[in-house]
Amino acid sequence: MDTARDSVNRRFTVAPMMDWSDRHCRYFWRQLSQHAVLYTEMITTGAILHAGPERFLPFHQHENPLALQLGGSNPQDLGRCAKIAEDWGYDEVNLNCGCPSDRVQNGMFGACLMAQPQLVADCIKSMQDNCSIPVTVKHRIGIDDMEDYRDMVAFVEPIAATGCKTFIVHARKAWLQGLSPKENREIPPLQYDMVYRLKKDFPDLEIILNGGLVDLASCDAPLQQVDGVMLGRAAYQNPYVLAEVDQRFYNSDAPVKSREQVLLDFFPYIEQQLSAGAHLNYITRHILGLFQGQPGAKLFRRYISQNAHLKGAGIEVLQQALQLIVDERERAEQYHNDRLQELSQQS
């Protein structure tokens with residue numbers, strides 16, 4: 001890999017997720033991991049070029065390393081947007097060739113582009129010619145009747161010939177007719193072996209595996225075969241799964257934060273955003289899973305959901321929600337201690 005062009009360490013990445021991985025969510029994730037590479041939601045070239053980058057591209061500098069994912073199929077437009085991404089301070093620009101939704105297909109981007117590898121290669125070349133940050137591709141192992149490994153190779157080869165080195169591969173096919181986007185994330189079987197074979201046959205490419213990874217332990221075996229992994233829904237629904245990423249994958253000696261500390265460290269950002277006119281519930285929707293599996297988690301989620309949307313809601317909503325967690329934990333510990341005492345007396 002051309003390290004002069006690409007200094008992004010993609011050992012562990014968090015997927016672009018429509019309606020989820022916005023700038024508030026990414027800043028929250030940064031309280032858990034300083035090193036994981038984060039990806040924006042997919043943003044179309046038309047949105048950037050016609051509505052303006054000021055609406056879609058702002059981010060906090062603490063979100064880096066950060067990649068902008070683009071949706072589009074016009075090489076010239078993608079080239080212009082790649083230059084804009086670099087000017088705005090993104091570390092990478094990624095082309096979406098994996099989203100299966102009807103709306104995306106109608107716009108001639110996403111997974112349907114896997115049927116046009118030369119067009120994708122032309123798009124990637126234009127992006128490379130217009131920026132000096134790395135240009136990467138995210139795609140499926142195939143679509144519709146693309147049945148075997150050779151079909152995926154036929155997609156990858158012309159893109160790799162442009163000098164593109166990084167391929168993020170969702171290890172499921174996408175059925176463009178008959179399955180919803182949600183079903184396309186669950187029904188087609190995972191085929192990790194195809195992704196592993198791609199890395200074996202193209203050792204000079206950086207291959208990142210996406211799909212079916214639910215926690216950090218599930219990443220260990222794939223990382224023996226490929227260069228990096230990408231977590232998606234698991235990182236959103238149970239964000240504390242990211243708490244040990246830096247220690248496990250980046251050799252960090254920083255202490256692992258508690259859930260409470262993660263939330264407290266997020267408070268200054270929330271207060272700054274509220275003072276700038278943001279609504280609390282636009283931010284707090286991303287943190288509802290922080291205490292998943294812990295005593296009081298349901299109370300935490302419920303209190304925020306019932307109060308964060310109210311007019312004038314501020315940081316006190318989160319302070320009270322956190323207190324519910326503390327109170328519930330103390331009750332659970334007291335119950336546990338009482339039971340131990342009863343058992344010892346009985347014996």
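**Entry 1**

I take helices (H or I, at least four residues) and strands (E, at least two) as DSSP runs, numbered from the N terminus. The model is predicted, so I use local features only at pLDDT of at least 70 and side-chain atom pairs only at pLDDT 80 or more, while totals for chains, interfaces and linings use all residues. Residues are numbered from 1 along each chain as its sequence is written, and side-chain values use heavy atoms, with hydrogens and water left out.

I looked up H24 and found it in helix α1, residues 23-30. Is H24 buried or exposed? I call a residue buried under 20% relative accessible area, exposed over 50% and partly exposed in between, with a 1.4 Å probe and protein chains only. H24 has 8% relative accessibility, so it counts as buried.

Next I listed its contacts (heavy atoms within 4.5 Å). Setting aside neighbours within four places in sequence, H24 is in contact with F266, Y269, Q273, Y282, I283 and H286. With one of these, Y269, the side chain of H24 makes a polar contact of 2.8 Å. A polar contact is a pair of N or O atoms within 3.5 Å; within protein, one must be able to donate a hydrogen and the other to accept it, and residues adjacent in sequence count only if both atoms are side-chain atoms.

I found Q31 in the loop between α1 and β2 (37-39). Q31 is buried at 11% relative accessibility. A polar atom of the Q31 side chain lies 2.8 Å from the backbone oxygen of Y27. Not counting residues up to four places away in sequence, Q31 touches K257, V262, D265 and F266.

Which residues touch the most other members of the largest nonpolar core? They are F12 and W29, in a core of 112 residues. Such a core is a set of buried Ala, Val, Leu, Ile, Met, Phe, Trp, Tyr and Cys residues joined through side-chain atoms within 4.5 Å. In soluble globular proteins, nonpolar side chains tend to be buried together. Beyond four places in sequence, W29 touches V14, M17, S21, L38, A235, Y236, P239 and L242.

**Entry 1: backbone angles in loops**

I noted a cis peptide bond from N64 to P65, with omega near 0°. P65 lies in the loop between α3 (53-56) and β4 (66-71).

I then looked up two residues other than glycine with positive phi. Phi of D144 is near 45°, and D144 lies in the loop between β6 (135-143) and α7 (149-160). D144 is partly exposed at 22% relative accessible area. Phi of N251 is near 55°, and N251 sits in the loop between α12 (245-249) and α13 (259-275). N251 is exposed at 73%.

**Entry 2: helix α7**

The 12 residues of α7 should span 16 Å, and the end C-alpha atoms are 16 Å apart, which agrees.

Which residues of α7 are buried? I list Y149, M152, V153, F155, V156 and I159. Seen down the axis of α7, the buried residues fall within an arc of 160°, so they line one face of the helix. The arc is that of the directions from the helix axis to the C-beta atoms. An α-helix has 3.6 residues a turn, so residues three or four places apart point the same way. The cover over the buried residues of α7 includes β5 (92-97), α6 (117-130), β6, β7 (166-174) and α9 (192-201).

I found F167 in strand β7, buried at 0% relative accessibility. F167 touches V137, H139, V156, I159, A160, L205, E206, I207 and I208, not counting residues up to four places away in sequence.

I found G71 in strand β4, buried at 1%. G71 is 26 residues from T45 in sequence and 6.2 Å from T45 in space, C-alpha to C-alpha. Beyond four places in sequence, G71 is in contact with M42, I43, T44, T45 and F109.

**Entry 3: cysteines**

How many disulfides did I find, counting pairs of cysteine sulfur atoms within 2.5 Å? The count comes to 0. C81 is in no disulfide, and the nearest cysteine sulfur, that of C131, is 11 Å away. C81 is buried at 0%. C99 is in no disulfide either; the nearest cysteine sulfur, that of C112, is 9.4 Å away. C99 is buried at 17%.

Note on methods: A disulfide is a pair of cysteine sulfur atoms within 2.5 Å. The expected span of a helix is 1.5 Å times one less than its number of residues.
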